[in-house]
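Welcome, and please take a look at the fold shown here. We will go from the core to a helix and then to a loop.

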Amino acid sequence: MSRTVAVVDYGMGNLRSVSQAVLHVAQGSGLEVVVTSQPDEVRAAERVVLPGQGAMRDCMRELHDSGLKEAVLEAAANKPLMGVCVGMQMLLDHSEEQDTPGLGLIPGRVKRFQLEGRLQPDGSRYKVPQMGWNRVRQIAHDGAVHPVWAGVPDGAWFYFVHSYFTTPDDPRHTAGETDYGAPFTCAVACDNIFATQFHPEKSADHGLALYRNFLGWKP
């Protein structure tokens, strides 16, 4: 297995900013970062980053049509995989967005914010999508938070752009929570998978710390 990190290019990810962030934190690690649309390069990589943006149905279709779906499923079975934004939503069973099946790697569903007419604490109306910075609470299981949070303060701010959010069936798969109208899961973890609804690559030093921790994570 080559010492590479594959950023999966199936035509729907925020590839430039994600790859630049991963490249930055990979310096000196001995890992090569490849942005790839080749299934064999995903299979050969030591670890995989699955970005995504736009509508989940489009992302799932492009992942399938690109020939990368099976390679991603294989990666999720045996190597560290990090999902970002819609790349996190795709890991679950199903999304309300256009009634779209997901990859089924983490049991749960993706739901739309129902915030019409509701007011935020400052008196302004909630907007959908949530767009901007919000605090993330790290969720501990068995007395410890996930190792990808290492060195990141609890309650740190991260950058979000989304209308849909994940609801894992098993609370133990929730690694982080954020409040927007109500608490929702903004980070999931299961075995060798870690994923965030927010964009680490747009979240300054704390976001870079997550990518750096992912590169060194040994699940």
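## The nonpolar core

Among the 72 residues of the largest nonpolar core, Tyr10, Met90, Leu91, Trp149, Phe158 and Phe194 touch the most other members. Such a core is a set of buried Ala, Val, Leu, Ile, Met, Phe, Trp, Tyr and Cys residues joined through side-chain atoms within 4.5 Å; buried means under 20% relative accessible area with a 1.4 Å probe, protein chains only.

This is a predicted model, where local features need pLDDT of at least 70, side-chain atom pairs count only at pLDDT 80 or more, and totals for chains, interfaces and linings use all residues. Residues are numbered from 1 along each chain as its sequence is written, and side-chain values use heavy atoms, leaving out hydrogens and water.

Beyond neighbours within four places in sequence, the contacts of Trp149 include Phe158, Phe194, Phe198 and Leu210 (contact: heavy atoms within 4.5 Å).

## One side of H3

Helix H3 spans residues 56–65, and its Met56, Cys59, Met60 and Leu63 are buried. They share the same side of H3 because they cover an arc of only 95° around the axis, taken from the directions from the helix axis to the C-beta atoms. Helices here are DSSP runs of H or I with at least four residues, and strands are E runs of at least two.

The cover over these buried residues includes helices H4 (69–78) and H5 (86–89) and strands S5 (92–95) and S6 (100–101).

## A buried loop serine

Ser203 sits in the loop between strand S14 (193–196) and helix H6 (204–216). Is Ser203 buried or exposed? Ser203 counts as buried because its relative accessibility is 1%. A polar atom of its side chain lies 2.6 Å from the backbone oxygen of His199.

How values were computed. Buried means under 20% relative accessible area, exposed over 50%, partly exposed in between (1.4 Å probe, protein chains only). A polar contact is a pair of N or O atoms within 3.5 Å; within protein, one must be able to donate a hydrogen and the other to accept it, and residues adjacent in sequence count only if both atoms are side-chain atoms.
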